[in-house]
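Hi,

Here is the model I promised to pass on.

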Amino acid sequence: MATFVLKVAGLYRCTQYILQRAHSTTASLRQGIPGSLWKLGRLNHIAIAVPDMEKATVLYRDMLNATVSDKVPLPDHGVYTVFVELGNTKLELLHPLGENSPISGFLQKNKSGGMHHICIEVDDINAAIADLKTKNIRTLSAEPRIGAHGKPVMFLHPKDCDGVLVELEEA
């Protein structure tokens, strides 16, 4: 739990900058400088890598009485996903699909699984990416890819976000 709190606190600095930039439109227009062309939205989900998808699904569905989706393979991302619906956001359970799954490496380092990334919505992913790159925030791919919700997504390098892997998803 302490690690999660520290990571969230670390992320606060990264998102604090993003929020400050996204909500600076009015001030910058008054100064004659064009404002941001994108806005940060709500927390879409928290992703958890799990070594046993069936066991994790049973935990959330049968023990915690949550609404849980079917298991969906995403071969382009090398994962199986299950979404757990919560009142104000979702959990995304991730399990490796194929030998080159990025989740396999994570689970080799974290045998019991754990928090993998957070996903935050943006209103214009291309504008967000362009703006963040000017601020030296690296992305993990050259272009957005279609994510689990059928919308464009981009991952930000964890070294640029205080150790937290951040996924941006177009709302």
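Before the rest, a word on what you're looking at. This is a predicted model, in which local features need pLDDT of at least 70 and side-chain atom pairs count only at pLDDT 80 or more, while totals for chains, interfaces and linings use all residues. Residues are numbered from 1 along each chain as its sequence is written, and side-chain values use heavy atoms, with hydrogens and water left out.

Back to Glu169, which sits in strand S9 (helices, H or I of at least four residues, and strands, E of at least two, are DSSP runs numbered from the N terminus). The side chain of Glu169 makes a polar contact with the side chain of Asn44, at 3.2 Å. By polar contact I mean a pair of N or O atoms within 3.5 Å; within protein, one must be able to donate a hydrogen and the other to accept it, and residues adjacent in sequence count only if both atoms are side-chain atoms. Leaving aside neighbours within four places in sequence, Glu169 is in contact with several other residues, including Cys119, Val122, Ile125, His149 and Pro152 (contact means heavy atoms within 4.5 Å). Val122 is 47 residues from Glu169 in sequence, yet the two are 6.0 Å apart in space, C-alpha to C-alpha.

Now the cores. The largest nonpolar core has 29 residues, and Tyr60, Leu93, Val166 and Leu168 have the most contacts inside it. A nonpolar core here is a set of buried Ala, Val, Leu, Ile, Met, Phe, Trp, Tyr and Cys residues joined through side-chain atoms within 4.5 Å. Elements that each supply at least two residues of this core include strand S1 (40-49), helix H3 (53-63), helix H5 (125-134) and strand S9 (166-170). H5 gives the most, with 5 residues. Another core, of 8 residues, lies apart from it and has Val79, Leu94, Phe106 and Leu107 among its members.

At the start of H3, a side-chain oxygen of Asp52 reaches to within 3.1 Å of the backbone nitrogen of Glu54.

Two asparagines are worth a click. Most residues other than glycine have a negative phi. Asn65, in the loop between H3 and S2, has a positive phi of about 60 degrees, and Asn65 is exposed at 66% relative accessible area. Asn136, in the loop between H5 and strand S7 (145-146), has a positive phi of about 65 degrees and counts as exposed at 62% relative accessibility.

Last, the cysteines. How many disulfides does the structure hold? The count is 0, a disulfide being a pair of cysteine sulfur atoms within 2.5 Å. Cys119 is buried, with a relative accessible area of 0%, and Cys161 is buried with 0% as well.

Cheers

Technical notes. Buried < 20%, exposed > 50% of the residue type's maximum accessible area, 1.4 Å probe, protein only.
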